Amino acid sequence: YGTRKSFYINHFLKREYGSYTSLICIESGDSIYESLIQNVVLLDNLHLYLQNDLSQKEKVELICNRLSEIEGNNLIVIFNYQGQNTELSPLLSLRSWKLVITARQNINGTRLFSLPVLDIENLKHIYQSAQSSSVNGDELVFEEFIRYIEFNPLIIELCSKTISNSLDLDLNKLFEYIKEQKLDDFELGIDIFSEQEGNSIQLYSFLQKKLEFKDLTNEEKIMLKFIALLPSNDILIMDLVEICGKDYIANNKIEFVNKTNSLFDKGWLEKNNGYIRMHRIVKEFIVYNTRKNTAGFFSSLMFLNWLYRRIDENAQINPEKSFKFIRYGESVLQTIKDPYRENVYQPLLLLENAVLNALRWQERPKLLHDRWLDLVTRAEKYLDIKDYYLGIICNNTGLSYLSLNAIEDAKNYLDKSIKILQEHLDKDQQMILIAYNNLTQVYMQEGNLAQVNRCF
């Protein structure tokens, strides 16, 4: 989305204009049939009058019959096609006419061409052409910005116009709004003119409208909302299958392949060799729209629980196997900002605990310690004082202190963990044994053998 498809087509038409006998350009709405029927210039050139009592299908047939009578090398260009693939059948079967279609979705019966990524210099030109100022002095910020938005020309143009029409906004400030998921901030409600729309728009509302869910099943919407929480690139479909657990792998292989194929055909995902990716801007606006829904991220609850389980169980048994899931967990935690976690707060605490626990095998303890303190602080505010999972988080925080040789703090959190876990002996006895074992390590490191014996 936003790859300036119309720009490339217009450039192609300027270069190849003389190669065609006849040329028709159509701006497609939701229905290509209506676009044809309402095209007065086309009907005049075809010397065709459509009677009102004819059905839509009959009118389109008359238009196509008249087009079939035109000899030569002819071209129809359809911009921004959004309709059903079946609507194109009469046009695809026209004799002596070629079709070029720009669309976000994939269209059956046509060859698919992905547009090339513009280089930095061309993108800089797009940015500068929309305002009087240059990027001189902000080269590093500009390069970071375009890489973050994945070289999307439309976003660059819209951002440049927004900056140009503002009083004190610059690229650095706007980029911070983007990274902090604050494009819907009222301070960015700046009117800019859109040549495509022919009127004034605003950055956030324009993109939100363009990226609203259309023609998706409920299951596809749930899938998209979860994928939007994951990294933009290199999502292995088989990883998604495994996240749901080994008992469901056979069924989910079919389910996930069918759903991702359908979302690819509808233009929401890119797909290659078993991997999928979602453009960052698409991902961001799915997250924006999910946040505004009263249910929030609740539709992803089962996926979040499954992801937590896969990271947690593999970290205990086979840490290396958990590594591929950690990047998904980290992406979820970074994507769902704290103010929007209400409906999934506990699952996200558990996911974060599992991620940090698994990262012990990759990161030095000192680098994780601040994250453990932040997690336990939030867990103590949100969870009940006797909550089982608070006991687990306190145990892990105690271990983090122990790795830094902070003996007293380690003892405090491990004692707190044991007190909580004693309330849940009917549910889990193994965890309290682990906590006692960790406390034993603290006393051994302290050289307090009497307390070591007490633990046993």
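**View 1. H47 sits in the loop between helix 3 (40-45) and helix 4 (56-68).** A quick note before we look around: this is a predicted model. The phi of H47 is near 55 degrees, a positive value in a residue that is not glycine. That is worth a second glance, because most residues other than glycine have a negative phi. Is H47 buried or exposed? With a relative accessibility of 70%, H47 counts as exposed.

**View 2. N80 is part of strand 2.** The relative accessibility of N80 is 19%, and the cut-off for buried is under 20%, so N80 counts as buried.

View 3. Zooming in, strand 2 (residues 74-81) pairs with strand 3 in the parallel sense over 6 bridges. Which residue of strand 3 is the bridge partner of I78? It is I101.

**View 4. An open antiparallel sheet of 3 strands runs in the order 6-8-7.** The edges belong to strand 6 (235-236) and strand 7 (270-272), each with a single partner strand, so one side of each has no neighbour in the sheet. Strand 6 pairs with strand 8 (residues 275-277) in the antiparallel sense over 2 bridges. To find this pairing in your viewer, look for L236, whose bridge partner in strand 8 is Y275.

Key:
Residues are numbered from 1 along each chain as its sequence is written. This is a predicted model: local features need pLDDT of at least 70, side-chain atom pairs count only at pLDDT 80 or more; totals for chains, interfaces and linings use all residues. Side-chain values use heavy atoms; hydrogens and water are left out. Two strands pair if DSSP finds at least two bridges between them. Helices (H or I, at least four residues) and strands (E, at least two) are DSSP runs, numbered from the N terminus. Buried means under 20% relative accessible area, exposed over 50%, partly exposed in between (1.4 Å probe, protein chains only).
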